Amino acid sequence: MSTFDAAPTALIVHAHPEPHSFSTAQMTTAAQALRDAGYRVDVLDLYSDAWAPTLAREEFALVEGHFKPQAEQMRAVKNGTLDAAVKAHLDRLLAADLLVLSFPMWWFSLPAILKGWVDRVFVMGGVFGGDYGLFGDAALAEKRAMLLFTTGGPSESFRPGGAFGSMDDFLFHIHRGMLEFVGFQVLDPVVTYGPARMTDQERTAALDVVGETVALIAAESQTAVR
């Protein structure tokens, strides 16, 4: 939180192509829980906004010679020439006290559109590198981040010795390699396992659990900074 008297801001970056999906309902439930806990909630719906996930030379000023994406990001930050959409999202990211990545787990990772958001918005020179370091010296140090997602398989499949192995193994590259890398303190993920296999009643109960869990996380996060 930036100040003691200002309401904290949560940025939710949502990545599901179906507005009536359980994943979207889960995001909406989490957003309301954060509002009820006193957060200002800013939602980026990547599919609805038709976010372009590809980090390409076309978003930069004239590139001479070999295209080195991070070098061009650094140059664009220095020269004030970041792509307008990237700059707008970066500003919203930097303004947030809490980042929530909301998505269905596809192929044990982020959907491509969300990974592309990280590629383009976690700008070198803007959140790490340049005037910033890594991890505790990065631009987003002292801010918090969490994952809010669904799986296709049941919870027992994601345990040590389960069919897929420990969930922690799948999340390491996101938690450590993306979020902690740019300074975030990573909170425990909120996961609904296999909602497609649930009855309507079970899905309703699962959303109640999501709301209660996010409310508890929000309360603990605000207490931690006071």
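**Exercise 1.** Find Arg120 in this predicted model. In which helix does Arg120 sit, and is it buried or exposed?

*Solution.* 
- Step 1: Arg120 belongs to helix H4.
- Step 2: Check its accessibility. The relative accessible area of Arg120 is 6%. Buried means under 20%, so Arg120 counts as buried.
- Step 3: Look for a polar partner. The side chain of Arg120 makes a polar contact of 2.8 Å with the side chain of Glu59.
- Step 4: List what else surrounds it. Setting aside neighbours within four places in sequence, the contacts of Arg120 include Trp51, Ala52, Pro53, Thr54 and Leu55. Gln73, Asp83 and Val86 are also among them.

**Exercise 2.** At what angle do helices H3 and H4 pack, and which residues make the contact?

*Solution.* 
- Step 1: Take the geometry. H3 (residues 84-95) and H4 (residues 112-121) pack at about 90°, and their axes are 10 Å apart.
- Step 2: Name the arrangement. Angles of 65 to 115 degrees count as roughly perpendicular, so H3 is roughly perpendicular to H4.
- Step 3: Pick out the residues. H3 brings Val86, His89, Leu90 and Leu93, while H4 brings Trp117, Arg120 and Val121.
- Step 4: Sort them by type. The contact has five nonpolar residues, one polar and one charged.

**Exercise 3.** Turn to Met167: where does it lie, and which residues does it touch?

*Solution.* 
- Step 1: Locate it. Met167 lies in helix H5, which covers residues 167-179.
- Step 2: With a relative accessible area of 7%, Met167 is buried.
- Step 3: Find its contacts. Not counting residues up to four places away in sequence, Met167 touches Met105, Phe149, Thr151, Phe158 and Tyr193.
- Step 4: Compare sequence and space. Met167 and Phe108 are 59 residues apart along the chain, with 8.9 Å between their C-alpha atoms.

**Exercise 4.** Trp107 has a positive phi, and so does Phe135. Which loop holds Trp107, and which loop holds Phe135?

*Solution.* 
- Step 1: Trp107 is in the loop between strand S3 (98-104) and H4; Phe135 is in the loop between H4 and strand S4 (144-151).
- Step 2: Trp107 is exposed at 83% relative accessible area, whereas Phe135 is partly exposed at 29%.

Terms used:
Residues numbered from 1 in each chain as written. Predicted model: local features only at pLDDT ≥ 70, side-chain atom pairs only at ≥ 80, totals over all residues. Heavy atoms only, no water. Axes fitted to C-alpha atoms, helices over the stretch in contact; angles between N-to-C directions. Helix = DSSP H or I, 4+ residues; strand = E, 2+ residues; numbered from the N terminus. Parallel < 35°, antiparallel > 145°, perpendicular 65-115°, else oblique. Contact = heavy atoms within 4.5 Å. Nonpolar A, V, L, I, M, F, W, Y, C, P; charged D, E, K, R; others polar. Buried < 20%, exposed > 50% of the residue type's maximum accessible area, 1.4 Å probe, protein only. Polar contact = N/O pair within 3.5 Å; in protein donor to acceptor, adjacent residues only side chain to side chain.
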